[in-house]
Amino acid sequence: MIVRIMGEGQVKLDDDHFTELNKLDDELLREMESGDEQGFRRTLNALLDAVRRLGTPLPDDALEPSQLILPSPDATLAEVRDMLNDDGLIPG
């Protein structure tokens, strides 16, 4: 799957990494629902770091369609809330 982090670029992630990413996504959703700004910030950064660590960066000039778009590390709680679907940021 091709994942874009807003403001950074794209990475290719194997499907077997989504179990780990979904755990972080679930934690992020709980923190957002409770209004835990510090927890939200910590978990968002952990999620984005995991995507960077597990994924293979695509070249800057690659124009692949992204199947998943994640917020930038400095996104606000409100901005991330607007990006959510029923499963959080990451489907599954």
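Residues are numbered from 1 along each chain as its sequence is written, and side-chain values use heavy atoms, with hydrogens and water left out. Because the model is predicted, local features need pLDDT of at least 70 and side-chain atom pairs count only at pLDDT 80 or more, while totals for chains, interfaces and linings use all residues.

**Overall fold**

The chain contains 3 helices and 4 strands; helices (H or I, at least four residues) and strands (E, at least two) are DSSP runs, numbered from the N terminus. Along the sequence these elements follow the pattern β-β-α-α-β-β-α. The radius of gyration, taken over C-alpha atoms, is judged by a globule rule of 2.2 Å times the number of residues to the power 0.38. For 92 residues a compact globule would have a value near 12 Å, and the 13 Å of the chain agrees with this. Along the principal axes, the C-alpha atoms fill a box of roughly 40 × 25 × 20 Å.

The chain exposes about 5400 Å², of which carbon and sulfur atoms supply 49%; accessible areas come from the Shrake-Rupley method with a 1.4 Å probe, and for residues only the protein chains shown count as cover. Buried residues make up 39% of the 92 residues, where buried means under 20% relative accessible area, exposed over 50%, and partly exposed in between (1.4 Å probe, protein chains only). Among contacts (heavy atoms within 4.5 Å) between residues at least 6 apart in sequence, 67% join residues at least 24 apart.

**The sheet**

The 4 strands of an open sheet lie in the order β3-β2-β1-β4, with mixed pairing. Two strands pair if DSSP finds at least two bridges between them. The edge strands, β3 (56–57) and β4, each pair on one side only. Strand β1 has the following pairings with β2 and β4.

| Strand pair | Bridges | Direction |
|---|---|---|
| β1 and β2 (residues 9–12) | 4 bridges | antiparallel |
| β1 and β4 | 3 bridges | parallel |

Isoleucine 5 takes part in both pairings: it stands opposite glycine 9 in β2, and its bridge partner in β4 is leucine 70. The hairpin of β1 and β2 has 3 residues between the strands, and glycine 7 there takes a positive phi near 85°.

Helix α1 (residues 18–34) has 17 residues and reaches 24 Å from its first C-alpha to its last, close to the 24 Å expected at 1.5 Å a residue. The expected span is 1.5 Å times one less than the number of residues. Glycine 35 follows α1 and has a positive phi, near 75°. The buried residues of α1 are Phe18, Leu21, Asn22, Leu24, Asp25, Leu28, Glu31 and Met32. They pack against α2 (37–54), β4 (68–70) and α3 (77–83).

A nonpolar core is a set of buried Ala, Val, Leu, Ile, Met, Phe, Trp, Tyr and Cys residues joined through side-chain atoms within 4.5 Å. The largest one has 23 residues, and those with the most contacts inside it are Leu13, Leu21, Val51, Leu70 and Ile90. Two or more residues come from each of β1 (2–5), α1, α2, β4 and α3. Helix α2 gives the most, with 7 residues. Leaving aside neighbours within four places in sequence, leucine 21 is in contact with Leu13, Leu47, Ala50, Val51, Leu54 and Ile90.

**Serine 72 and leucine 77**

Serine 72 is located in the loop between β4 and α3. With a relative accessible area of 18%, this serine 72 is buried. Not counting residues up to four places away in sequence, serine 72 touches Ile5, Met6, Leu44 and Leu48. Asparagine 45 is 27 residues from serine 72 in sequence, and their C-alpha atoms are 9.1 Å apart.

Leucine 77 belongs to helix α3 and counts as buried at 11% relative accessibility. Apart from its neighbours within four places in sequence, leucine 77 is in contact with Met32, Glu37 and Phe40. Leucine 77 and glutamate 64 are 13 residues apart along the chain, with 28 Å between their C-alpha atoms.
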